[in-house]
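Hi everyone, thanks for coming along. Please have the sequence and the 3D view open while I talk, and stop me whenever you like.

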Amino acid sequence: MKALQWMPDARLALRELDEPNLTSPTSVKVRIEMTGICGTDLAVIAGKEEGVTHVTRGHEAVGVVVETGAAVRELAMGDRVVIDPNYSCGACEYCLRLLPHLCVGASGAMAIAGLNVHGTFADYYVSEARYVHRLPTGMSWERGVLVEPLACVLHNFQEARVAADDTVLVLGSGPMGLLCQIVGRRLARLTVATERNPYRLEAAMLLADAAYLPEALDDAEVARLTGGRGFDIVIDAVGNQLETADRFIGRGGRIVPLGISGAYRYAIAPARLIQRAVSIIGAGEYRCTFPLALRLAHQMPELDRLVTKRYSLEQHEQAMRELLGYDPLTGAPVQTDTLKTVFEPWRLSPEGATTQGPLQKGDWSA
């Protein structure tokens, strides 16, 4: 089968591997129909995060069950499913304290598909059945592939204690930022977004209550939007925007780092945090929000419109160049006209397809 693996020479490579077999009587084998490219994958390719070599990347995926172990009762061949990639062990100190998102397993780290164990950028994938969830009848692949990132967003909102009277600022309108805007519109009084990319800014203008170029959101505009208070919650969905978050957070506010950039550093002023009662919240992996995300996604038709490009695994270099916004080999800029890009391992078309046309207000029901 085909699979995209991270190689010792710091590149993603398409490899031909043996098809995986069931690993236990409680495991299932899934034919991957669609698998999303996540910011963590881009961080590794851009050199911002370490990647485990010879591991198949990918952890956001939907597909069809093609084989089940003898002890599997809850799933059957032909079921359309979404995969939970976080394999908490259930036995470590954190799992026993009902904190599975902090699981350290037997090796000091939770097994996460696509990060430290084989993932879903492949034709087939094998998982324990308890990490595979049947999709509701009629749910599209596009909506299903966003369940895992939606679970991350929901966990961060829970940890930030977002309430109905809160004002929320989302810095960045990539896929995670846009999901934050969708959730924020449902939970908070006001959700504001920033974005520099014109295509993504257009989407943010439709999903958030208001959206701005970063340089257009200044102190005066924040005061106007929030009645002079500053925002109650600021979410850094880029990974390097804590200076801006600190600038616009209000008294008693919560700053949520969400985007990943391992080399980024920010010098905090503890006295400022103490005097203004500001919290910085690192939420970690999602905690028990995957089933909730699956239920809510069924009620969010606007998620279908977030998947705007799809490629075959063979087209991974083209897809990554576009998502990074530059060619990693030459440094030349590349226009990013996509919201969420996915791989379709069984895709036959030789060309990448824009699955949606120009965005219009009627496309969204948020």
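This is a predicted model: local features need pLDDT of at least 70, side-chain atom pairs count only at pLDDT 80 or more; totals for chains, interfaces and linings use all residues.

Let's start with helices. Please find helix α5, residues 175-187, and helix α6, residues 198-207. At what angle do α5 and α6 pack? The angle is about 10°, and the axes of the two helices are 10 Å apart. An angle under 35 degrees counts as roughly parallel, and therefore α5 and α6 are roughly parallel to each other.

Which residues meet there? On the α5 side they are P175, L178, Q181, I182 and R185, and on the α6 side R200, A203, A204, L206 and L207. Sorted by class, this contact has seven nonpolar residues, one polar and two charged.

From α4, the residues involved are P149, L150, C152, V153, L154 and F157, and they meet M176, L179, C180, V183, G184 and L187 in α5. What classes do the residues of this contact fall into? There are 11 nonpolar and one polar, with no charged residue.

On to charges. Side chains of opposite charge can pair when their charged atoms come close. How many salt bridges does the count come to? The count is 22 salt bridges, and I'll show you a few.

First, find D79 and R134. Their salt bridge has its closest N and O atoms 3.2 Å apart. D79 is in the loop between β5 (60-68) and β6 (80-83), while R134 is in strand β10 (residues 132-134), so this pair ties together parts that are 55 residues apart in sequence.

Next, go to R143 and D304. This is a salt bridge too, with 2.9 Å between the closest N and O atoms. R143 sits in helix α3 (residues 141-145) and D304 in the loop between α10 (290-297) and β17 (307-311), so the pair ties together parts that are 161 residues apart in sequence. Both R143 and D304 are buried.

D232 is buried, with a relative accessible area of 8%, whereas R229 is partly exposed at 43%. Salt bridges can also share partners, and that is how E142, R310, E344 and R347 are joined into one network.

Now let's look at helix α11, residues 316-324. Its buried residues are H316, A319, M320, E322, L323 and L324. What covers them? The cover includes β1 (2-7), β2 (11-16), α1 (39-45), α6, β17 and β18 (340-343).

D41 is in helix α1, and it counts as buried, because its relative accessibility is 3%. Leaving out residues up to four places away in sequence, D41 touches G36, R57, G58, H59 and F121.

P301 is in the loop between α10 and β17, and this proline counts as partly exposed at 38% relative accessibility.

Finally, P25 is in the loop between β2 and β3 (27-36). P25 counts as partly exposed, with 49% relative accessibility. Setting aside its neighbours within four places in sequence, P25 is in contact with G69, A70, A71 and V72.

That's my tour, and I'm happy to go back to any of these spots on the screen.

Note on methods
Residues are numbered from 1 along each chain as its sequence is written. Side-chain values use heavy atoms; hydrogens and water are left out. Axes are lines fitted to C-alpha atoms, for helices over the stretch in contact, and angles run from 0 to 180 degrees between N-to-C directions. Helices (H or I, at least four residues) and strands (E, at least two) are DSSP runs, numbered from the N terminus. Angles under 35 degrees count as roughly parallel, over 145 as roughly antiparallel, 65 to 115 as roughly perpendicular and the rest as oblique. Contact means heavy atoms within 4.5 Å. Ala, Val, Leu, Ile, Met, Phe, Trp, Tyr, Cys and Pro count as nonpolar, Asp, Glu, Lys and Arg as charged, and the others, Gly among them, as polar. A salt bridge is a side-chain nitrogen of Lys or Arg within 4 Å of a carboxyl oxygen of Asp or Glu. Buried means under 20% relative accessible area, exposed over 50%, partly exposed in between (1.4 Å probe, protein chains only).
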